[in-house]
Amino acid sequence: MATCANCGRELQPAWKYCITCGTRTAVPLAGAMPSAVGGDGDDDTRRVNVLAVLAVILGCLLSPFAALFGHIAVWQIKMTGERGLIAAWIAVVLGYIWLVTAAVLVIAFLTTNA
């Protein structure tokens, strides 16, 4: 059985990381084929959707456009299989919060200054 190069603990064949020290193991997964790129085939190799990241940034900048960009990012992620679905939905929620806030402020301004 393989041992961790950092702490010396015995490693199980399915472990990607040592459960004692957290060091990434060199133990190949059972049935895993080696990749020419060096990845182990998990979801970390997929790209992050750029529009989802932009939508979250817009949501943090108090922009209601985050909802629009977030919805487009969700659609793109479902079509392409990219990462970033949670970020896109967070941006959608933030965008709607800012949209409702802006609408309430405009209505309040118009009713008090009319």
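Reader: Is Cys21 buried, partly exposed or exposed?

Author: Buried means under 20% relative accessible area, exposed means over 50%, and partly exposed is in between, with a 1.4 Å probe and protein chains only. Cys21 has 32% relative accessibility, so this residue counts as partly exposed. Cys18, at 3% relative accessibility, therefore counts as buried.

Reader: What kind of model do these values come from?

Author: This is a predicted model, in which local features need pLDDT of at least 70, side-chain atom pairs count only at pLDDT 80 or more, and totals for chains, interfaces and linings use all residues. Residues are numbered from 1 along each chain as its sequence is written, and side-chain values use heavy atoms, with hydrogens and water left out.

Reader: How many disulfides does the structure hold?

Author: A disulfide is a covalent bond between the sulfur atoms of two cysteines. Here the criterion is a pair of cysteine sulfur atoms within 2.5 Å. The count is 0. For Cys21, the closest cysteine sulfur is in Cys4, 3.6 Å away, which is too far for a bond. For Cys18, the closest is in Cys7, at 3.5 Å, also too far for a bond.

Reader: How are α1 and α3 oriented relative to each other?

Author: Helices are DSSP runs of H or I with at least four residues, numbered from the N terminus. Axes are lines fitted to C-alpha atoms over the stretch in contact, and angles run from 0 to 180 degrees between N-to-C directions. Angles under 35 degrees count as roughly parallel, over 145 as roughly antiparallel, 65 to 115 as roughly perpendicular, and the rest as oblique. Helix α1 (residues 50–60) and helix α3 (residues 85–112) pack at about 30°, axes 8 Å apart, so the two are roughly parallel. Contributing to this contact (heavy atoms within 4.5 Å) are, among others, Ala52 and Val56 of α1 and Leu94 and Trp98 of α3.

Reader: Where does α2 lie relative to α3?

Author: The axes of α2 and α3 come within 7 Å and cross at roughly 155°, which makes the pair roughly antiparallel. Among the residues that meet are Ala73 and Ile77 in α2, and Ala88 and Trp89 in α3.

Reader: Is Ala73 buried or exposed?

Author: Ala73 lies in helix α2 (residues 65–80). Its relative accessibility is 0%, so Ala73 counts as buried. Leaving aside neighbours within four places in sequence, Ala73 is in contact with Asn49, Leu51, Ala52 and Ala88. Val53 is 20 residues from Ala73 in sequence, with a C-alpha to C-alpha separation of 8.9 Å.
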